[in-house]
Amino acid sequence: MMDLQQRKGLEHNKLLEFCCREHISYICCVCLASHKTCTTSHPVQEAEAEKESHLKNRLTELYNQGEKASQALDEVRMQQR
């Protein structure tokens, strides 16, 4: 994440330790009380790990699509000879 000063919320001057997916924001422990109805609030580390995993999966998908496109292009070139 960011350095320590940037990780503090402006409203309560507390560390932003949680992530609320519903509001797409990082929140502190004080803000967490107002997010009780949000079913998707969880620790930042968990949110970051999940996001990293999702991005790795997407990158793998894109790489595989690129490989398939490259193979298809090679096949077309072979047929044109």
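The protein chain in this predicted model is divided by its domain assignment into domain 1, covering 7-43, and domain 2, covering 44-80.

Let's walk along the chain next. Its secondary structure amounts to two helices and three strands, and starting from the N terminus the order of these elements is β-β-α-β-α. The overall form is more spread out than a compact globule, because the radius of gyration of the protein chain is 21 Å, well over the 12 Å that the globule rule gives for 81 residues.

Now turn to the place where the two domains meet. Here, eight residues of domain 1 are in contact with six residues of domain 2. Between them, domain 1 and domain 2 bury about 540 Å², and 51% of that area is on carbon and sulfur atoms.

What polar links join the two sides? Four residue pairs are in polar contact between domain 1 and domain 2, counting pairs with both residues at pLDDT 80 or more. On the side of domain 1 that touches domain 2, the elements giving two or more residues are strand 1 (18-20) and strand 3 (41-43). Sorted by class, that side of domain 1 has five nonpolar residues, one polar residue and two charged residues.

Salt bridges deserve a stop of their own. The structure holds three of them, and one salt bridge is found across the interface of domain 1 and domain 2. To see a salt bridge up close, find the side chains of Arg21 and Glu50, which meet with an N to O distance of 2.6 Å. Arg21 lies in the loop between strand 1 and strand 2 (25-27), while Glu50 belongs to helix 2 (residues 44-80), so this pair ties together parts that are 29 residues apart in sequence.

Key. Residues numbered from 1 in each chain as written. Predicted model: local features only at pLDDT ≥ 70, side-chain atom pairs only at ≥ 80, totals over all residues. Heavy atoms only, no water. Domains from an automatic or database assignment. Contact = heavy atoms within 4.5 Å. Buried area = accessible area lost by both parts, 1.4 Å probe. Salt bridge = Lys/Arg side-chain N within 4 Å of Asp/Glu carboxyl O. Polar contact = N/O pair within 3.5 Å; in protein donor to acceptor, adjacent residues only side chain to side chain. Helix = DSSP H or I, 4+ residues; strand = E, 2+ residues; numbered from the N terminus. Nonpolar A, V, L, I, M, F, W, Y, C, P; charged D, E, K, R; others polar. Rg over C-alpha atoms; globule rule 2.2 N^0.38 Å.
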